[in-house]
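Hi,

Here is the structure I promised to pass on. Have a look at it first, and then read on for what turned up.

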Amino acid sequence: MRKGLRTPLLSGLALALLAPVGAQGVDAQEETKGALEVAPMDERYEDSFKIGAAVEPYQLEGIHGDILKHHYNSLVAENVMKPEAIQPVEGEFNWEEADKIAAFANENDMELRFHTLIWHSQTPAWFFEDEEGNPMVEETDPERQEANKELLLERLDSHIKAVMERYKDDVDAWDVVNEAIADEASNEEGLRESEWYQVTGTDYIKEAFEAARKYGGEDAKLFINDYNTEIEPKRDHLYNLVEEMVDEGVPIDGVGHQSHIQLDWPSIEESRESFEMFAGLGLENQVTELDVSLYGYPPEPAYPTYEEIPDSLFETQAERYDQLFALYEEQDADLSSVTFWGIADDHTWLNDRAEEFNDGIGKDAPFAFDTEYNVKPAYWSMMDDEVPTEEEMEEGVTVEGGQLPDTATNNPLFALMGMGAATLFGALLFIRKRRSA
Ligand code: GLA
């Protein structure tokens with residue numbers, strides 16, 4: 001729940017007028033400030049949920065490590081705890097990089113999410129090869145298919161056993177199965193027809209959770225994790241699967257909502273409905289991979305450099321973060337953790353996506369800290385106690401479709417308007433100061 005009201009330093013009108021010339025240098029609170037000079041995000045939300053970040057081991061040191069210690073109280077590995085990193089060859093486990101993240105979380109009293117035990121992607125091919133090294137999915141003989149299924153489920157069990165026995169005491173929440181539901185359903189249940197599914201049906205999902213309970217113990221918090229959990233029909237397909245698991249007594253504690261989202265998509269209402277649906281099954285929600293892309297999908301066009309991204313877009317993003325965190329606080333009885341899929345804009349998988357769709361040149365900027373580790377408008381809005389009105393929440397954030405917005409640097413009229421507004425605002429401040437002196 002929101003804990004109180006903060007008086008905004010700038011009136012909404014002044015802020016709106018000033019937005020085109022950028023907020024920097026206008027508001028004392030929005031001067032360029034380093035991430036280490038401002039109040040910690042995790043403290044702001046300590047009564048509601050953990051604030052996490054996805055990291056690569058190199059980010060545990062230097063400026064990244066300092067920002068992690070200052071702002072975050074939960075960690076997840078961006079890559080090094082995925083099956084291909086942990087068990088690249090059958091029976092050969094590679095713990096070194098994953099251990100570094102677990103140790104850092106321990107030393108700094110942070111929660112740790114484990115991502116991910118079972119997934120169709122970033123999983124080595126050997127998992128899905130039969131005794132002769134042939135792809136299991138190509139087998140047509142029913143008896144051999146049955147033997148393959150057994151072998152694959154044994155591999156699932158031994159992977160989960162090895163990982164959980166090692167990290168049982170370090171991990172607070174486990175992504176047991178990642179992305180079991182397809183975007184566009186090719187079967188009625190909307191199940192992703194991965195190799196896991198083709199060989200075992202839905203048994204791999206249930207057996208993974210059973211094994212996780214067995215090796216992780218009663219206290220292990222077990223999550224199913226997916227993206228677009230707000231969007232129908234995917235949301236309903238996930239709901240139906242999870243409901244069936246709950247009904248059948250499969251040990252599941254929560255739903256991870258990846259939340260790779262955009263400035264105006266999905267709506268706050270869709271997100272709220274999704275949280276409430278899963279909480280209605282008695283489950284916990286976690287936001288597990290939050291990033292707010294500046295673009296739609298595919299991200300075309302994208303700004304070629306970070307410097308070319310207009311301040312007005314950062315303001316729009318701040319509005320979006322304001323509404324999201326208001327929603328998260330509203331839902332905090334059933335929402336235990338909010339994890340960003342990165343620390344600052346210098347490192348995000350969304351850049352790869354922007355490049356992929358724009359001939360190798362494109363930058364995204366999804367987080368609260370910029371590429372130089374300074375705070376962005378999104379940081380201030382997240383830290384704000386001011387509750388957006390119901391109308392604002394309903395309206396959401398509007399962005400012109402596919403159009404990169406006009407800014408002070410590409411539209412002189414905006415620059416003039418901004419300068420005019422700044423002068424007016426300065427004069428008002430001056431008069432107010434004189435009056436109160
Ligand atoms: C998915 C996965 C993550 C990560 C992101 C993009 O959301 O769950 O592990 O790979 O995609 O990087």
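A word on classes before the results: Ala, Val, Leu, Ile, Met, Phe, Trp, Tyr, Cys and Pro count as nonpolar, Asp, Glu, Lys and Arg as charged, and the others, Gly among them, as polar. Please also keep in mind that this is a predicted model.

With those classes, the lining of the second largest pocket comes out as nine polar, six nonpolar and five charged residues. The space in this pocket is about 510 Å³. It is lined by 20 residues, and those closest to its centre are Tyr227, Gln258, His260, Trp349 and Arg353. Two elements, β7 (260–262) and α12 (349–356), each give at least two residues to the lining.

And what takes up the space of the second largest pocket? The ligand does.

Around the ligand you will find Lys82, His115, Trp119, Gln122, Asn178, Glu179, Gln258, His260, Glu289, Trp341 and Trp349. This shell holds five polar, three nonpolar and three charged residues.

- Glu289: a side-chain N or O atom is 2.4 Å from an oxygen atom of the ligand.
- His115: a polar side-chain atom lies 2.6 Å from a ligand oxygen.
- His260: a side-chain N or O atom is 3.0 Å from an oxygen atom of the ligand.

As for cover, the ligand taken alone exposes 300 Å², and the protein buries 87% of that.

Best wishes

Terms used. Residues are numbered from 1 along each chain as its sequence is written. This is a predicted model: local features need pLDDT of at least 70, side-chain atom pairs count only at pLDDT 80 or more; totals for chains, interfaces and linings use all residues. Side-chain values use heavy atoms; hydrogens and water are left out. A residue is near a molecule or strand if one of its heavy atoms lies within 4 Å of it. A polar contact is a pair of N or O atoms within 3.5 Å; within protein, one must be able to donate a hydrogen and the other to accept it, and residues adjacent in sequence count only if both atoms are side-chain atoms. Accessible areas come from the Shrake-Rupley method with a 1.4 Å probe; for residues, only the protein chains shown count as cover. On a 1 Å grid over the protein atoms alone, a cavity is a set of points where a 1.4 Å probe fits but cannot get out, and a pocket is an open set with protein on both sides within 12 Å along at least five of seven lines; lining residues have an atom within 4 Å of a point. A molecule sits in a cavity or pocket if more than half of its atoms lie within 2 Å of its grid points. Grid points are joined across faces, edges and corners, and a volume is the space filled by probe spheres set on the points. Helices (H or I, at least four residues) and strands (E, at least two) are DSSP runs, numbered from the N terminus.
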